Amino acid sequence: EMITNGIDGFIVPIRSPQSIADHFEFLADQPEIRNRISHAALLRVKRIGGWNYYGEQWSTVLTSF
C-alpha cells in the first residue's frame, strides 16, 4: 500500500541485493523513467500527509514483522 510497483517505486524480493542493484542500474540508465518515478513518489508523499506521516507509516510497516 505504500508503493505502487513501477509507478512511484519498486517492490523487490526480500533479501535480494541483486534485485536492488538491478533496479538501481535500470534507473541509472533510464533518466526519463527515474524522473517520472521520483515525481510520482513525491506526489504520493504530499497526498498522504507529508514526510512525517510517510515515515510513521513506514515505521509501522517495518515493526510489524
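**Figure 1. Trp-51 and Tyr-54 in helix α3 of the predicted model.** Trp-51 and Tyr-54 both belong to helix α3, which spans residues 51-63. They are three residues apart, about one turn of the helix. Their rings form an edge-to-face aromatic pair, with 5.7 Å centre to centre and 90° between the planes. The model has three aromatic pairs in total, one of them being Trp-51 with Tyr-54.

**Figure 2. The crossing of helices α1 and α2.** Helix α1 covers residues 17-29 and helix α2 covers residues 31-48. Their axes come within 5 Å and cross at roughly 110°. Angles of 65 to 115 degrees count as roughly perpendicular, and α1 and α2 are therefore roughly perpendicular to each other. On the α1 side, the contact is made by Phe-26, Leu-27, Ala-28 and Asp-29. On the α2 side, Pro-31, Ile-33, Arg-34 and Ile-37 take part. By class, six residues of this contact are nonpolar and two are charged, with no polar residue.

**Figure 3. The largest pocket and its lining.** The volume of the largest pocket is about 240 Å³. Its lining includes Ile-3, Asp-8, Gly-9, Phe-10 and Val-12. Also in the lining are Ile-20, His-23, Phe-24 and Leu-27, together with Arg-34, Ile-37 and Ser-38. The most comes from α1, with four residues. Seven lining residues are nonpolar, three are polar and two are charged. Leu-27, Arg-34 and Ile-37 line this pocket and also take part in the contact of α1 with α2.

**Figure 4. The second largest pocket and its lining.** This pocket has a volume of about 210 Å³. Glu-1, Met-2 and Ile-3 line it, as do Phe-10, Ile-11, Val-12 and Ile-14. Trp-58 and Phe-65 are also part of the lining. The lining has eight nonpolar residues, one charged residue and no polar residue. Ile-3, Phe-10 and Val-12 of this lining are also among the residues that line the largest pocket.

Figure 5. The secondary structure consists of three helices and zero strands. Taken along the principal axes, the C-alpha atoms of the chain fill a box of roughly 30 × 25 × 15 Å.

Note on methods: Residues numbered from 1 in each chain as written. Predicted model: local features only at pLDDT ≥ 70, side-chain atom pairs only at ≥ 80, totals over all residues. Heavy atoms only, no water. Axes fitted to C-alpha atoms, helices over the stretch in contact; angles between N-to-C directions. Helix = DSSP H or I, 4+ residues; strand = E, 2+ residues; numbered from the N terminus. Parallel < 35°, antiparallel > 145°, perpendicular 65-115°, else oblique. Contact = heavy atoms within 4.5 Å. Nonpolar A, V, L, I, M, F, W, Y, C, P; charged D, E, K, R; others polar. 1 Å grid on protein atoms, 1.4 Å probe; cavity = no way out; pocket = protein on both sides within 12 Å on 5 of 7 lines; lining within 4 Å. Points joined across faces, edges and corners; volume = space filled by probe spheres on them. Phe/Tyr/Trp six-rings, centres within 6.5 Å; stacked < 30°, edge-to-face > 60°.
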